[in-house]
Amino acid sequence: LFLGGLGAGAACTTAIIGLTTGERFKKTMVFGTWAAAIILGMGALLLVLDTAQPLRAMIMPISFVHFSSWMTIGAWLLLAAIILNGLAALFWTDKTTELLGRLWKPFSEKRKVWRTVFLALALPVSFGVAVYTGILLGVLPFRPLWHTWLLPVLFTVSAMDTGVALVTGHAFFREKGEGSGKLRTVLEIAAIVLILGEAVVLYLFLNGALTGTPDAARSAQVLTEGVLSPYFWILVVAIGLGVPLVACFIQLTG
């Protein structure tokens, strides 16, 4: 689920950059599209391996046919996201575009059109992947802590946050062209907004649980006060949210 969120967030970030700036930041686009496709593929592979029958799960039309299930919806969204981001990666890479052009000239002659089309299609599908992971867990009534509309929101914000962070890291080290400084600034600001948003949603999520049903309250207390509290406050809050927030502010003011 983490890899699905990371890949989806990176895909959305990259698509927005490409659709708003065109081919201005080529290195970032090539990295982002390939990273999104590969990470989503890795997440899908782990998801398949976690099923009772991995080989059967690979045959999508047989195993994922009940479209009233969020597992089925998510599986098809994930497959579509992998394909669309993979195609976007192929067309944003000049060498592969040239090879495809040998098969059919419009592939290379209309490469800008293909790049735009695949990014435009990948954006909503990838966002759907980011949202579905939270919905998949949130619809389980026998898990009181998870059974809230705030869980999909938390998963979505977290996915966008990690995706932006991945693309920002590449842009910081590799993107040196004209306007790269402005791109990094915009990405840093986006990361700050998403981190703060994630912190707010996390607070609302836990506060809702603590003031909710007894079972949900006990689960939340295990995180905030119980045996898992050191992991939660140190790894999630301090390292997961605090350190990236400080790093972004340093980059903006440095």
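Reader: What length does helix α2 reach from its first C-alpha to its last?

Author: This is a predicted model. Helix α2 covers residues 26-49, which is 24 residues. At 1.5 Å a residue, 34 Å is expected. The helix comes close to that, reaching 35 Å.

Reader: Which residues of α2 are buried?

Author: Buried means under 20% relative accessible area. In α2 the buried residues include several alanines: Ala-35, Ala-36, Ala-37 and Ala-44.

Reader: What covers the buried residues of α2?

Author: Other helices take part in the cover. Among them are α1 (2-21), α3 (54-57) and α5 (70-92). Also included are α8 (111-138), α9 (150-174) and α10 (180-210).

Reader: How many disulfides are there?

Author: A disulfide needs two cysteine sulfur atoms within 2.5 Å. The closest cysteine sulfur to that of Cys-12 is in Cys-248, 18 Å away, so it is too far for a bond. Cys-12 is buried at 3% relative accessible area, and Cys-248 is buried at 8%. The count of disulfides is zero.

Reader: Is Ile-239 buried, partly exposed or exposed?

Author: Ile-239 lies in helix α12. Its relative accessible area is 46%. Buried is under 20% and exposed is over 50%. Therefore Ile-239 counts as partly exposed.

Definitions and conventions:
Residues are numbered from 1 along each chain as its sequence is written. This is a predicted model: local features need pLDDT of at least 70, side-chain atom pairs count only at pLDDT 80 or more; totals for chains, interfaces and linings use all residues. Side-chain values use heavy atoms; hydrogens and water are left out. Buried means under 20% relative accessible area, exposed over 50%, partly exposed in between (1.4 Å probe, protein chains only). Helices (H or I, at least four residues) and strands (E, at least two) are DSSP runs, numbered from the N terminus. The expected span of a helix is 1.5 Å times one less than its number of residues. Contact means heavy atoms within 4.5 Å.
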